[in-house]
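Trainee: Before we look at any details, could you show me how to read the features of a model like this, taking strands, charged pairs and cavities in turn?

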Amino acid sequence: MSAGRLLRTAFVLSLALASGAYAQDTATRVTVRVDVAKPVGALARPWSFFGYDEPNFTYSANGVKLLRELAQLSPVPVYVRAHNLLTSGDGTGSLKWGSTNAYTEDAQGNPVYDWSVIDRIFDAYRDAGVRPLVEIGFMPEALTTGPAPYRHDFPHGSIFTAWSYPPKDYAKWDMLIRAFAQHLVDHYGIGEVSQWYFEVWNEPDLSFWAGEPKQATYFKLYDHTARALKAVSPRLRVGGPATSTAQWIPEFLNYVDKEHVPVDFVSTHGYADDTVEDLFGAHEDIPMRDRVCRAVQMVHGQIRASAMPALPLLWTEWNVPNYDDLNARDNWYVGPALARDISQCDGLVKMMSWWTFDDVFEEKGVTKEPFQGGFGLIAAEMIKKPSFYDFALLHELGDERLANPADNLLVTRRKDGALVVATWNLVDMDKVASGTPLTMRLAFKGIAPEAEASIQRVDEEHGNPMPAYRAMGSPRYPTQAQIAALNKASALPAPDRRRLDKGVLELTLPVNGLAVIEVSRK
C-alpha cells in the first residue's frame, strides 16, 4: 500500500471513528455500521484461478474430479495454468515428470510434433468446464542448448537443467509455437482459444531460464514466441514476463514498446512470504499479510506509468505465507488471509492464480503423508483442506461492493438485492498463542430491521479435517474409506440462521475464523 493510500485510509478511519461508524469497545469487541446505500463499485473475482506444475495430473481421475469441483465453486470461468506443457524428452535421460512429448526430431533433424498428450490435457480442461492459461515452456530436449542429461527437477540455485536453456535454433522454435497454436485453434476453434491466455515461460529471472544475460535472452524468447502466436491469429492473447517477485516489469514494457512486440497482458508472481527486499527492493517492515497486495499495487502503477497503461495485470502465482514448520497453508488461517487479500487487491488486478490447487507439487517432491504444509487446497489423496472451503464460501460474495470502514469486513450485494458479508479475525500464525476471539457487532442501515441472516464459517471447528484426522491416529497412508470419512467430517454444515435484532447482527469469530453472512433484502 502506498504512503498516500495509507494516509487516505487513516483519514477515512478517523472520520468513521468521529462519526461512530466504527467503534471498538474492548480489545475483542468491534461495532461496525454498514450503510447499504453506499456502493463503491463492482467486485471483481480475480481469485478464481489456479495453477499447478504436473500437467499429466490433469487427465488423471483425481485431476479431472478436482477441476470439475473448482469450476463448480466459481460463478465466473475458472482458468488453470500448468508448467511443462512443451517439456519433451527422448526417455534416455532422467526425466521424471511432466513430459508431453510434444516435440522431437527425426534422424535428419526434422521436427516431429506429437499432440496426443497435449490433447488429453486440454480435453480434460474442456470437459471439466475450465479454461487454460497456457504457459509456454519448457524447452524440448531436441531443441535445447543445455547440457545432457535432460533431467527434470526444479533447482532454485545456480545449477540449471537442460529444459531451462534457450533454443539452439529459433527458426525451429518459431515453427513449434506456430504448430502448437495452430493445432489448438484447429482442435478447439478460434472462438474458444481466443478466450485463453498464452504466457511466455515461467520465472525467467530464476533458474527456470538459463539464458545469459537473463533479461535480454528472455526478451528475445518472448519476442519470437509472441510473434509466432500472432502469426496464427491476432486474436490469441499473449503476455509476460511471468517473473518472480514482481521483477522486470518496467524493462519488459519498455522493450515491447520500443520493439513493437505484441503484448496483451502483463504477468508476474509474488507470495506473501517473499522477502520485502525481493518484492520491493527496500528494507521496510511490511507485514506478510500486506505484501501481495502492496506488490500488486506497485505493478499496477508501473503499468499505468508505461506507454501501454491499459494492459491488464495477471498475477499468475500467489499464496498466503506458510510460516515454515507451522504449516499455515494446511490451517484455517488461510481463510482470513485470503479474504484480506481479496479485499485489499480489489480493482487492481484481473487475475490471481493460486499456486497450487493440489499438493501434487513437484518442487516439494512426492507427498509422503497428508498435511505437510503444501501449497494446495487439497491434501494428498484428495483430502479437502480448510482453504478449499474458504474459496467456496468467498465465492458466495455478491457482484457489487459496498463501503465500510473496517479492514476485516467485505460487504457486497448480489443482483437479487441480498447482502453477502465476509468478516474475519486474522492473527498471524506466529502470534496465535496471544490471539483472542473477536466479537463483531454489525449494525445495518437501509435494510429491514428483522431481516433473515444465514452464517457459514470456516475455522477450527468448521471445514477442518484435522480433528477427525487426529482422532483416527493421523494415518500416514489413509485408506479410501478414511479419506471419505475425513471429507465428510470437514464438509460445511447447514448455515446458522438468525434474524437481525433491530438491524443488528452480532457474532464471535475465533482466532483465524472466517464467516460469510447472507442477509436477505427483506
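Mentor: Let us begin with a pair of strands: four bridges join β8 to strand β9 (residues 197–200), and the two run parallel. Please keep in mind throughout that this is a predicted model.

Trainee: Which residue of β9 stands opposite Leu133?

Mentor: Leu133 stands opposite Tyr197 in β9. Strand β8 also has a pairing with strand β5 (residues 79–82), again in the parallel sense, over two bridges. In that pairing, Pro132 of β8 is the bridge partner of Val80.

Trainee: How many of the residues of β8 are buried?

Mentor: The general idea to start from is that in a regular strand the side chains alternate between the two faces of the sheet. In this structure β8, which spans residues 131–136, is mostly covered, with six of its six residues buried. Both of its faces are covered, with Arg131, Leu133 and Glu135 on one side and Pro132, Val134 and Ile136 on the other.

Trainee: Turning to charged pairs, how many salt bridges are there?

Mentor: In general, side chains of opposite charge can pair when their charged atoms come close. Here the count comes to 27 salt bridges. One of them is formed by the side chains of Glu199 and Arg81, at 2.6 Å from N to O. Because Glu199 lies in strand β9 and Arg81 in strand β5, this pair ties together parts that are 118 residues apart in sequence.

Trainee: Are Glu199 and Arg81 buried or exposed?

Mentor: Burial is judged by relative accessible area, and the cut-off for buried is under 20%. Glu199 has 0% relative accessibility and so counts as buried, and Arg81, also at 0%, counts as buried too.

Trainee: What is the accessibility of the residues in the salt bridge between Asp416 and Arg414?

Mentor: The closest N and O atoms of Asp416 and Arg414 are 2.8 Å apart. Asp416 is partly exposed, its relative accessible area being 38%, and Arg414 is partly exposed at 24%. Another salt bridge links Arg498 with Asp496, where the closest N and O atoms are 3.1 Å apart. In that pair Arg498 is partly exposed, with a relative accessible area of 28%, and Asp496 counts as partly exposed at 34%. Elsewhere, salt bridges that share partners join Arg81, Glu135, Glu199 and Glu317 into one network.

Trainee: Where does Arg457 lie, and which residues is it in contact with beyond its neighbours in sequence?

Mentor: Arg457 lies in strand β20, which covers residues 452–458. With a relative accessible area of 15%, Arg457 is buried. Leu393 and Arg457 are 64 residues apart in sequence, and their C-alpha atoms are 8.0 Å apart in space.

Trainee: How many cavities of 30 Å³ or more does a search of the whole structure find, and which residues line the largest?

Mentor: The search finds two cavities of 30 Å³ or more. The largest has a volume of about 50 Å³, and its lining is made by Ala272, Met288, Arg289, Val320, Pro321, Tyr333, Ala337, Asp341 and Leu426. The elements that give two or more residues to this lining are α9 (288–304) and α10.

Trainee: What lines the second largest cavity?

Mentor: That cavity has a volume of about 30 Å³, and it is lined by Pro46, Trp47, Asp341, Ile342, Cys345 and Met352. The largest share of its lining, three residues, comes from α10, and the classes are five nonpolar, no polar and one charged.

Note on methods: Residues are numbered from 1 along each chain as its sequence is written. This is a predicted model: local features need pLDDT of at least 70, side-chain atom pairs count only at pLDDT 80 or more; totals for chains, interfaces and linings use all residues. Side-chain values use heavy atoms; hydrogens and water are left out. On a 1 Å grid over the protein atoms alone, a cavity is a set of points where a 1.4 Å probe fits but cannot get out, and a pocket is an open set with protein on both sides within 12 Å along at least five of seven lines; lining residues have an atom within 4 Å of a point. Grid points are joined across faces, edges and corners, and a volume is the space filled by probe spheres set on the points. Ala, Val, Leu, Ile, Met, Phe, Trp, Tyr, Cys and Pro count as nonpolar, Asp, Glu, Lys and Arg as charged, and the others, Gly among them, as polar. Buried means under 20% relative accessible area, exposed over 50%, partly exposed in between (1.4 Å probe, protein chains only). Two strands pair if DSSP finds at least two bridges between them. A salt bridge is a side-chain nitrogen of Lys or Arg within 4 Å of a carboxyl oxygen of Asp or Glu.
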